[in-house]
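Q: Could you walk me through reading a protein–DNA surface and a helix crossing?

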Protein chains: 2
Amino acid sequence: MRSVTINDGLERLAQKLGRVCTLTSEERLALAGLPGAERAFGPREEMVAQHRPTDGLQLLVEGFACRFRLLPDGRRQILGFLLPGDICDLSTLVLGHPDHAVSALGVVRTSVLPAAALAAALERHPRLARAFWWLTAVDAAITREWLVNVGYRSAHERVAHLLCEVYWRLESVGLAHDNQCRFPLTQTELGDAVALSAVHINRTLMNMRRTGLARMQGGMLELLDRHALQAAGGFDPAYLHLPSVGSPFHAGASPWKAQGARNGFG
Amino acid sequence: MRSVTINDGLERLAQKLGRVCTLTSEERLALAGLPGAERAFGPREEMVAQHRPTDGLQLLVEGFACRFRLLPDGRRQILGFLLPGDICDLSTLVLGHPDHAVSALGVVRTSVLPAAALAAALERHPRLARAFWWLTAVDAAITREWLVNVGYRSAHERVAHLLCEVYWRLESVGLAHDNQCRFPLTQTELGDAVALSAVHINRTLMNMRRTGLARMQGGMLELLDRHALQAAGGFDPAYLHLPSVGSPFHAGASPWKAQGARNGFG
DNA sequence: CGTGGGGTTGACAACCTTCAATAACTGTGG
DNA sequence: CCACAGTTATTGAAGGTTGTCAACCCCACG
């Protein structure tokens, strides 16, 4: 198979942005002109430090990463996963400095979008700016879902829900097929994501394997029974705001997509 | 004391937006022209329904509210609190439909900002649009902190942290003085916010009263020992992005505020 | 004066954590 | 190719934090 290029990452980003409003060729060009230096990271390497201002945003081109907060006593809470096409430190662009760190899961390649150039492009292309705003809104929606997951659900449900999210998101960017995908996550990391101890994660995963729900082993995630897993986690993909999700509220409900449409915008 | 008017709510919103970049008089005028119909709600009344598209955004003028998700079995997870000057359903503006509901705590008055007019104003004033983007980014930052709170901390810490957040935010809009503020929250609701049972909230609060940390009774919140409470909750107000917080990263770190400044934007 | 919601308290159970030990796996160097 | 070390996965036992159930009190309100 051919190697993954920066353009692949950019293309995925453009596709995501295109969910808000169809991008003009000018806007696409502005995007394409952004990528600068490439970077590569090994497993567990820190891609963004929690409190150090950055010179540019990193577009994830290949591999997976997670955003997290390190707590005083050494434990950590993972705040979300980053997939190819995601911008690793988007909040930085608006807030001025990162309030959480980003770490690579497995081998990762990124491309740096210089902050100055990006800010200029967003200034020149307001629709692009709105699309980026939409990105942070979707991000917030996912975080809210995680809050519900961690706050409300049992261990079994939490893990099921998270596995569903990972698979659905990977599938939407073409990185998952036939209920299988690569996702190199240790049980400890999974625990940090859903706020459970590694030991309990282990028991939960084994239970899921035995009952034929899902399997996560050797860097691979496999949904053995997709619908059962979805039910077990109370998973409704609407919050991911993916295309063609079949949610009754998805189509054309964005104010700037359906200008002058039924919700009175424009 | 004089009654609270819509202008108070608008003024608070303008102040918040002004943290990103100083608003021009034109931009302020555009804001001032927005408010439409007023609405009033009683305690526990639903202000925004979870899945019904809305015609406009509600600016909270007086009183308090909470955003929450209702789960199939009747329990709920509160996702955040809304204070005067906050926009109740900001995410709707970008995402097209609310993915969570909003409920009044106590008596609430709001003013409706018509979606069409707001969208037009943001189109005409890009800096205003950026400021609104900043609002959703801050919102996301707070949600991330809640995720850490619920995922990581013990019951005692969680409650302490939440009380700190509420007090700090209220103080920043002038609604708290001398370690006291009004905040009408039942113990059940507090439990829904930090993902603990009402019974356990009760024990935790009583413990805090006995040990002289804080008191929450009769709709009033009182921090008996501000620093001890802060320490007990591991509370660092930086994530709230309030003015004059003393965070080393706060001043001028926003890309559009310090144009051409040290981080290379502009 | 009755009623209902919220607060308080106790007993008990459940879920999950921690500790600890072992097994499986990965990459490295001899 | 094997031995080795370090990490990850697995398993058992014990304990703690928190949830559930149930009762009671208090107060506001009609």
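Predicted model: local features only at pLDDT ≥ 70, side-chain atom pairs only at ≥ 80, totals over all residues.

Q: Which residues come nearest to DNA strand D?

A: A residue is near the strand if one of its heavy atoms lies within 4 Å. Around DNA strand D there are 17 residues; A:Gln187, A:Asn202, A:Met206, A:Arg209 and B:Ala155 come nearest.

Q: Which side chains have an N or O atom 2.8 Å, 3.0 Å or 3.4 Å from a phosphate oxygen of DNA strand D?

A: Look for N or O pairs within 3.5 Å. A:Gln187 places a side-chain N or O atom 2.8 Å from a phosphate oxygen. For B:Ser197 the distance is 3.0 Å. For B:His200 it is 3.4 Å.

Q: Which helix gives the most to this surface?

A: H8(A) does, with 5 residues. Helix H8 (198–210) of chain A and helix H8 (198–210) of chain B each supply at least two. By class, the surface holds 6 nonpolar, 7 polar and 4 charged residues.

Q: Now the crossing. At roughly what angle do the axes of H1 and H2 of chain B cross?

A: Roughly 140°, and the axes come within 11 Å. Angles over 145 degrees count as roughly antiparallel, so H1(B) and H2(B) are oblique to each other. Their crossing is right-handed.

Q: Which residues meet there?

A: From H1(B), B:Leu10, B:Glu11, B:Leu13, B:Ala14 and B:Leu17. From H2(B), B:Arg28, B:Leu31 and B:Ala32. That contact has 6 nonpolar residues, no polar ones and 2 charged.

Definitions and conventions: Residues numbered from 1 in each chain as written. Chains lettered and ligands numbered in written order. Heavy atoms only, no water. Polar contact = N/O pair within 3.5 Å; in protein donor to acceptor, adjacent residues only side chain to side chain. Helix = DSSP H or I, 4+ residues; strand = E, 2+ residues; numbered from the N terminus. Nonpolar A, V, L, I, M, F, W, Y, C, P; charged D, E, K, R; others polar. Axes fitted to C-alpha atoms, helices over the stretch in contact; angles between N-to-C directions. Parallel < 35°, antiparallel > 145°, perpendicular 65-115°, else oblique. Left-handed = near helix turned anticlockwise from the far one by under 90°. Contact = heavy atoms within 4.5 Å.
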